Amino acid sequence: MRYSRMLIPTLREAPKDAEVVSHQLMLRAGYIRKLAAGVYTYLPLCFRVLKKIERIVREEMTAAGAQELLLPIVMPAELWKETGRWDYYGKELLRIKDRHERDFCFGPTHEEAITDLVRSELRSWRDLPKNLFQIQTKFRDEIRPRFGLMRGREFIMKDAYSFDVDEASARKTYARMVEAYEKIFSRCGLKFRAVEAGTGTIGGSLSHEFQVLADSGEDAILACNACKYAANVEKAEVKKGPGTRDQGPGTQNKKEYHKVKTPGKKAAEEVAAFLKVKTDQLLKTLIFETDQGPVAGLVRGDRSLKEAKLRDLIGCEWIRLAEEETVRKVTKAPSGFAGPVGLNIPVYVDQEVALMKDFVVGANEGDHHLTGANLGDFNITKAGDIRAAVGGDLCPRCEKGKLEEHRGIEVGQVFYLGTKYSGAMKAQVLDKEGKQTTIVMGCYGIGIGRTAAAAIEQNHDEKGIIWPLPIAPFQVEVIPLNQDQAVLEAAEKLYADLGEAGIEALLDDRDERAGVKFSDFELIGIPYALVIGARGLKNKEVELKERKTGKTNNIPLKEAIPAIQKTMSS
């Protein structure tokens, strides 16, 4: 491709609203342009990158036994009402009406549509397993789209859905998809970790995120320094220590608790300072609303409670921190003074709480706390791991390691769904005994544009993008340093030879200064450049320049093709 014929509108400065590096560089290097909030046009360079990522995804999905199809973007509301997500999904679901005032939505994901297809077409266990995928535009009406392709409203996604006759075979499919994802992101040239994750609005009981490691990542992840265990902070487990317990009444009091006045002291740090105790001697009581009614969650005063963990411990569909009105109704006190003693709602405690005694809790009375409280002073519905893991915690899976903190960018996620959707939508087949059985499902997503953006976050410098070779828009850029006829002819021949050798090349045939060409080469991030000037041509040489390292090497012009082939394969 000739530079002069391509649409590559580079900018010297990034727009002020571009917050992260990938957003800034994609705008500056002429990869994307904003049409509306969270909605972007993919310009030719970006389109080439996306198609390369898509090709890798298609090849690995096909190798793993999945078949490609294409589902409608617009879906009728009736399907989403069958699973309850028409209401549960919230305002991120873009709802539309047709001319007959019938309700539809623009697909943010396609569990309902694919399950409807399968329940209509599959009849017997002999029809299973099936794994179907598509690469398609999605739309999620994010409340605050930001970071360019990292968190847009309209985006390209690969979503796959598997269907198996039982849990055992479904988990085997899940494992194959995890392996396929590892191959995909490895082939894209990315450094990543597969981490255990929550299931969010998709649901299910098992999930892994694939996180590209980058200092600018918006997700916090914890990984063991001695084994392969890794999880996002919402899901990261805490090692169960000695003396922890699961449920039942607490131990007998060590001493009687006393009510003390704590005027205006609500936060754990404030209460601890006022009472002259350490924060780990406090017990925080947080009130939540769930689909099962109000509940209390208890963690040590120096810890943070993770809602996703509490939701899993309860087994509820949704959970959110209670509003002030609910807190007052449940505790008879304003927020900040809740405590477990005397509460008439389910009480869930962190496993670490079982090791505590003579602690401080809220008194369920404004401006008051209880000191000397113990587990026997209140009923525990269930205990479990509900606190946030932190760097330095012992690994929950091995005996040697500790958890270390990293930053990551989620580019893909896999879910074991079980019968969440197939059960709600009555997707069944006849088993070997001729009885109706509900199909077991999994789903698997990859953000195509997000993967491109994550690659930039992981691979850039102060000059611009440094694309990993497998997903770069071009592999080599041919740069003639001037408009000398002999130089131009040599550049044209080299460009043609690269094409014949199957190497994707961009010829910078613009009538521009050498400095401009080099700056644009570094900005748009092509992995290699072959530079031809009058002096080098006189010596029958061409300069090979590597974008990542900046290293240059003069090679004989006649050996340029095998030299670049060797360099790219090393």
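Does cysteine 46 count as buried or exposed, and at what relative accessibility? At 1% relative accessibility, cysteine 46 counts as buried, where buried means under 20% relative accessible area, exposed over 50% and partly exposed in between, with a 1.4 Å probe and protein chains only. The model is predicted, so that local features need pLDDT of at least 70 and side-chain atom pairs count only at pLDDT 80 or more, while totals for chains, interfaces and linings use all residues. Residues are numbered from 1 along each chain as its sequence is written, and side-chain values use heavy atoms, with hydrogens and water left out.The search of the whole structure for disulfides (pairs of cysteine sulfur atoms within 2.5 Å) returned 0. Cysteine 46 is in no disulfide, and the nearest cysteine sulfur, that of cysteine 188, is 14 Å away. For cysteine 105, the closest cysteine sulfur belongs to cysteine 443 at 16 Å, which is too far for a bond. Cysteine 105 is also buried, at 0% relative accessibility.

Aromatic contacts were examined next. A pair of aromatic rings is described by the distance of the centres and the angle of the planes. Rings of Phe, Tyr and Trp (its six-membered ring) were taken to pair if their centres lie within 6.5 Å; planes under 30 degrees apart count as stacked, over 60 as edge-to-face and the rest as tilted. In the whole structure, 9 aromatic pairs were found. One of them is the tilted pair of tyrosine 31 and tryptophan 467, with 5.8 Å centre to centre and 50° between the planes. This pair links distant parts of the chain, 436 residues apart: tyrosine 31 lies in the loop between helix 1 (21–28) and strand 1 (32–36), and tryptophan 467 in the loop between strand 26 (464–465) and strand 27 (476–480). Helices (H or I, at least four residues) and strands (E, at least two) are DSSP runs, numbered from the N terminus. Tyrosine 31 is buried, with a relative accessible area of 0%, and tryptophan 467 is buried at 3%.

A tilted pair is also formed by phenylalanine 185 and phenylalanine 210, at 5.8 Å centre to centre and 35° between the planes. Here too distant parts of the chain are linked: phenylalanine 185 belongs to helix 6 (residues 167–187) and phenylalanine 210 to strand 10 (residues 206–213), 25 residues apart. Both phenylalanine 185 and phenylalanine 210 are buried. Together with Tyr181 and Phe192, Phe185 and Phe210 form one aromatic cluster.

The charged end of arginine 171 sits over the ring of tyrosine 416, 4.5 Å from the ring centre. Lysine 420 lies over the face of tyrosine 421, with 5.6 Å to the ring centre.

Key. A charge sits over a ring if NZ of Lys or CZ of Arg is within 6 Å of the ring centre and within 35 degrees of the ring normal.
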